[in-house]
Structure formats: structure tokens, C-alpha cells
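Work through these exercises with the model open beside you. Try each task before you read its solution.

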Amino acid sequence: MLRQLRETMAEPLASQERLDKIVNVIAENMRADVCSFYVLRDDGALELFATKGLDREAVHMTTLRLGEGLVGLIAAEAEPLSLENAPSHPGFAYRPETGEERYNAFLGVPVLRAGQTLGVLVVQNAERRHFGEDETEALLTTATILAEMIATSDFDNLIKPGSDIDLRRPRMFTGVSLTDGIALGTVVLHDPRVVVTNFIAEDVEQEKLRLDAALEKMRVGIDAMLDHGDMQSSTDHREILETYRMFAHDRGWVHRLTEAIENGLTAEAAVERVQNDTRARMLRQTDPYIRERLHDLDDLANRLLRMLTGDHQGIGRNLPDNAVIVARNMGPAELLEYDRTKLRGVVLEEGGTTSHVAIVARSLGLVAVGQADSIVSICETGDDIIVDGPAGTVHIRPTPDVEQTYIDKVRISARRRAHYAALKDKPSVTRDGVDITLLHNSGLVADLPMLEDTGAAGVGLFRTELQFMIASRLPRLAEQIDLYAEAMRLAGDRPIVFRLLDIGGDKVVPYLRSMAEENPAMGYRSIRLGLDRPGLLRTQVRALLMAARGRPLKILVPMVTETFEFQQTKLVIRREVERLKRSGDPVPVELEIGAMVEVPSLLFELDQLLPEADFVSIGSNDLVQFLTAADRANPRVSASYDPIALPRLRAIKLVVDAARRYGLPITMCGELAGRPTEALALMAIGMNRLSMGPASIGPIKELILNLELEPIKRSVAAAMSDGAESVTIRELLKDWIDRQNLPV
Ligand code: PEP
Ligand code: MG
């Protein structure tokens, strides 16, 4: 059948004629009474484009909506469907003009290209028969070829009607912010798609050998990248490449590739075919983490395609200076292949904040924006582009005034950065002599060298779960030890507070999937999970203790709801210490265990909790979300409640005052601490330790250096006292900031 199809493709025929012939060839070879081909139009309708067996009058007349009828179902689900008695299927939609009711047996497959459904290919028989797996495979293989034909033929205008809008006009896209910074540069379309032109195998054995050789070459390439000098320095990059290596050796994947070749495809067409299925599945996944994982596989398939077709266009090509890579999506390894000295930014149509590529972009210091919908089809390599990281916006072919605005912005922010950098060695003390300790919130080993740049006193919160989120499987004990030891080494003499795993809620770890929960933020997460699965907790505690090896260690327990949970966790930690001592291993010279206050109930149990703790940390992100019953990830509700309004500030002050009574150090490690007005509120109620994202240290330090704390402390205290005139704390602070001309 494939040979006949190839001949048909080579014949000098008009597109419709060719399609008619193709459906005939398929029907004949599959001993089917009917073979029909439906094309998905861009209005979402599936149009009958060619048929052998159904009424020819229906061609270009009959349409089905996506999801409607069996054909619509296949297109929507991107999955094959085989039925012995189609009319009895609840999804069957009868179209009288086709004369379809005579046919019982039905096999339909999606026609996929680049993971998108282009159409549906169907064979039918009057008799009841069962189309088996082999036939499904054969039809899928045929569909791969048909997809290529549709995409490159003059039917194109039906799928994407030409429009008369000026495609080259300036355009702005709003996506999501993946990093800080602004990049002005030149578009380089990543276009990882390799065009396969040779679909049908001449010699199956030969194709298998080609596949094997390409796989081997790719594996060697990945190993070489893993051994590459500068890769060693970043645990995050290593993690990702390890995942690639795992995929490259995956037997299931290799088996599916081989099977496609055995069905008559060339090695590259086989890769394309398997990749199409993968992409289709990827696009249907709603779990963003899994989508990212499958994307790694997609990336790998592209490398393989390039090996097989000799198309190395995408790699190491000459980049312009200030290149901004624009892609539908890309794997982290693809990003790493570009010349880093010329890269300024990345813009993706997909790409969530937790995607690997976003994490890598951040650690390479690139400006990145994700979810810039349809941007790839709107720009071309060589176009001017501006990427505004914090705003999550992208300007393509910007007008001169937009460009000038950004040139000014870049100049100002460079000046500001230089100014902040000059503050790094100044002690962080207010004008009236109050010491304020500034600390980093951090989560990846790659962030830690920034301590040098900001001059922060240490890490107030190391979110250990981030490493778990980017790993492909549960990090083993030895891996965790290495990681924590590396973090301590990079922090040097500065203290670092390791928070125990805070998995759950929005922090998805795919290999630890638990049941779907209606309210995951209030669900099975964090220390609740840790105490329920003590193996996980014990391993992490052991790794931390072993990594500390004779150094001091600080452990922070997240999401404590009752004192009892804190005590339980301490017990687990103490047991691990005893265990190490017994086996003669070194233990930390000093061990401090702190509790996070982020569940409101704890506010009313401070006298039980605090005597148990060595230090406390307030997680304002969660505390405020629970106090106000407003989802922190949903700006429609969370933005409505001022986190430093009286009730919230009173709650925070309750903890600050209690910590002082018990003589415990207290740190604020939620986002509040990094925002100047909010930080001022915190200092005004006596909070002297603030932990924040590294980018906030400069602005907050500048505020502190200009601040006289005592007077604002008094005003805030008066405003918070019972019977005070009603004034919002924010108004009061703003007024003070203005009057004192503070740098906020
Ligand atoms: C918080 O809740 O404020 C906090 C610091 O923890 P996370 O943001 O990681 O939940
Ligand atoms: Mg929290």
C-alpha cells in the first residue's frame, strides 16, 4: 500500500485528484468498502474532503463539528477508534447525504502533524468485522503521509485561509513573566521542526540500522553534554540531561520507533509518527508538569530527526548579537545548545513558570516570557523584538517610540542595579541604629552565588522542594546529601535555613502524585505528608544532617497546624541524630529547629508552640491566604485584601511579640518582606529579620539606610491600638514615605 501511495504522490496530479486516488488505494488495500478523509478547517469543522464508497455528492458538503459524531470524537481525542457496529455507538451521527447507514465496521484514526489534528481518516465495511491492531497501525502510518501531503499541498488555504491583514505590523503579546529584566534584540525562530520528505522505506532492515546509528549518536551526544565542563557546576542542568538520557534509553520508545519502521516507514518518518502521537497526548494533558515532561521527549525526537535528516540548521548556527529565541516550546537542552554569549532572551508559546526551560533560562540570566500565544506564526527571524520580563509582554517590530521607551527603561534599571550593587557592603542599619537582617529566599543551588552580589546575611528560606520539582524521580539520599552540602558550601559562613519539603498545593511533584483534591492548598501537603510518609521525611532529614558534617544546621518545619506536629517532626529529627551518632557518623555541631507560622490556628497556640522551637518564621503568603480565605494564586480574590491591613498586621504582630517574650529569633519569609511599603510595616511592628527574593535586597536595603524607624513605629503602634481613629496602615505608611521622601 505504501508503495502505491508513493507512486500516487509522485504523479503529476491536482490535489483533489490525488486525494481521490489515495482513498481508493487505501480502501482497496484494506479491503474496505469505504475510505473517507475529513479535514479539520480552522473554524473547527471537519469537512469531508475525499471518499471512496460514500456518496460523492457529500464531498465538501458534509461537515461535522469537533466532538460531533465518531469522526468529531476521533479528532477531538486524537485517538484511533475501532468499532464492529458503528451505528450502535452513542456518538454516531448520521448524515443522510452520505449513505453511511449501510456500514457497520468502522476504523478511524486522527491525521496528526506536529501534534495537531489536521483531520481524520476512516475505513468502513458493510459487514460486521473487527479492525485489529495491525490495521490500526497501518492506517496510522498512512495518516502520517497524508498529514504531510495536506500540510504542504495547495489545500493549505482551506486550513488556514489567507487574510488581508498586514502581517508585518507591530504586534504586542501578553504572556506570563518567567524572569526579570528587559531584552531588546533580534528574533531567532527556533523552529525545531525538521521537514521529513522521505516517508516510505525502500529497505526496512536498512532503516532500522539508520535508526540504531542515530540513537547511538544521540546518546553519545547527551553523555558528552553531561561530561562537558561547565555542566558540572549546575545541578539543575545535570538533572535535566539525566532525564534525557533516561528517555534516550527508554525501551518502550525505541520499540515504538522500530514498529513504525516495520510498518514501512523510513527511520525519520517513524520518528515523526511516534512523535506525533506523543505530542497529541501532550497537548491533551492538563497537568502542566506532565506536559513539560513529555516535551522533553519531544525535544529528544527532534534531535533524532536532525541526526537522521542531516538537518543541523537549528543548532549552533550563527546567532546575531542579542538574539531572542522564539519557539512554540523548547526543551532545556535545545536552549543550552545556543551560543550563550549571544543570547538575551527566550519567548515561548507554552512554557510555564515551573518548566525546565524557564528554570534554565533563569539560571543563564536570560529574559524570558512564556505563554505568548501564537507568537511563532507572527514573527520571523530577523525581526526586532523587545521582551519585558517582569510585565510578561513582548513587542514584535516595535514602533520607534516604544523602542525609545524601553531603551530609557534599560538605562534606568542598569543605573539602579549599579547603585544597589554599591550598597552591598554597607551594614543594614537604620538611621537611628536599628539592625535589620536581610536574607535571601532561595530554592535552587544556582541561586546561591547571588549572595555575593547582594551582600545578604544568609538564606532565610531554602525551599528544598524546588529541587524535587525539577527532578525526574525522587532524589536519592546520596543525591540529597550532595545537594545540601553544595548549598552549604556556596553559602560559606552565612547561615542557611533549610525548610523541610513543602510539597503539595501548587507545588507538584509528578512522581509523588496523590489523589486529586478539591482544595489542594488546604490538603494533603507539606509536613502533613511528611509525617504521614515518614520514609520521605527521614531520608531528607538524614541527608541534611549528613550534609552538615560538623557544621551548624538549621531546619524549618513548614505548614505546622498544631504543636503536636512540630513535636513529632522534632522526634523524627532527634531519632536520626541518635542513629548517626550510634553509627559513628559526624553530626551537626549545632542543630536548630524552627517552626513556620503560616496556618492561622497556630496564632492561638503560640504559648504551646514557641517553647518547643529554636526560631520562628512567618510565611505570609500562606498566612494571609488562609486569614482572608483568598487563594494566593488567584489575583481576582487575593488582590482584594491588603495584607498589611489592620487584621493581618495584628496577626503578624501577635507572633512577633510572642517570639520576643520567648527570646526567639523571628523572620518574615513570605513575599511581604520584599516589598518596600510592606517591609516598612513589618519593621514598624518590630520585625528585624526579613527574607526575600535576591532582587529585592537592594531596594529594601536602600529604604533601611534612609529610614528613621522610631517615629514610624510610634505612629503605627498608635494606629493599631484599640480606640484609635480609623486610618489604614497603608495610607499612614504612604504618607510617611512621602513626607520623609523615602526611596520606595
Ligand atoms: C509562605 O507561605 O509565605 C512561604 C514563605 O512559603 P511558600 O511561599 O513556599 O508557601
Ligand atoms: Mg507557605
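**Exercise 1.** Which side chain meets R499 in a salt bridge?

*Solution.* This is a predicted model: local features need pLDDT of at least 70, side-chain atom pairs count only at pLDDT 80 or more, and totals for chains, interfaces and linings use all residues. Residues are numbered from 1 along each chain as its sequence is written, chains are lettered from A and ligands numbered from 1 in the order in which they are written, and side-chain values use heavy atoms, with hydrogens and water left out.

Step 1. Recall the rule: a salt bridge is a side-chain nitrogen of Lys or Arg within 4 Å of a carboxyl oxygen of Asp or Glu.
Step 2. Find the partner. R499 meets E465, at 2.6 Å from N to O.
Step 3. R499 is in strand β17 (residues 496–499) and E465 in helix α16 (residues 465–470), 34 residues apart, so the pair links distant parts of the chain. Helices (H or I, at least four residues) and strands (E, at least two) are DSSP runs, numbered from the N terminus.
Step 4. Check burial. Both R499 and E465 are buried. Buried means under 20% relative accessible area, exposed over 50%, and partly exposed in between (1.4 Å probe, protein chains only).

**Exercise 2.** Which residues are linked with R499 in a network of salt bridges?

*Solution.* Step 1. Take another pair: R525 and D502 form a salt bridge at 3.3 Å, N to O. They sit 23 residues apart, both in the loop between β17 and α18 (526–532).
Step 1. Join up the network: E465, R499, D502, R525, D622 and R632.
Step 2. Count salt bridges by the rule: 37.

**Exercise 3.** How far apart in helix α6 are E207 and R210?

*Solution.* Step 1. E207 and R210 are three residues apart in α6 (residues 204–227), so about one helical turn separates them.
Step 1. Their side chains meet in a salt bridge, 2.8 Å from N to O.
Step 2. Compare accessibility. E207 is buried at 8%, whereas R210 is partly exposed at 24%.
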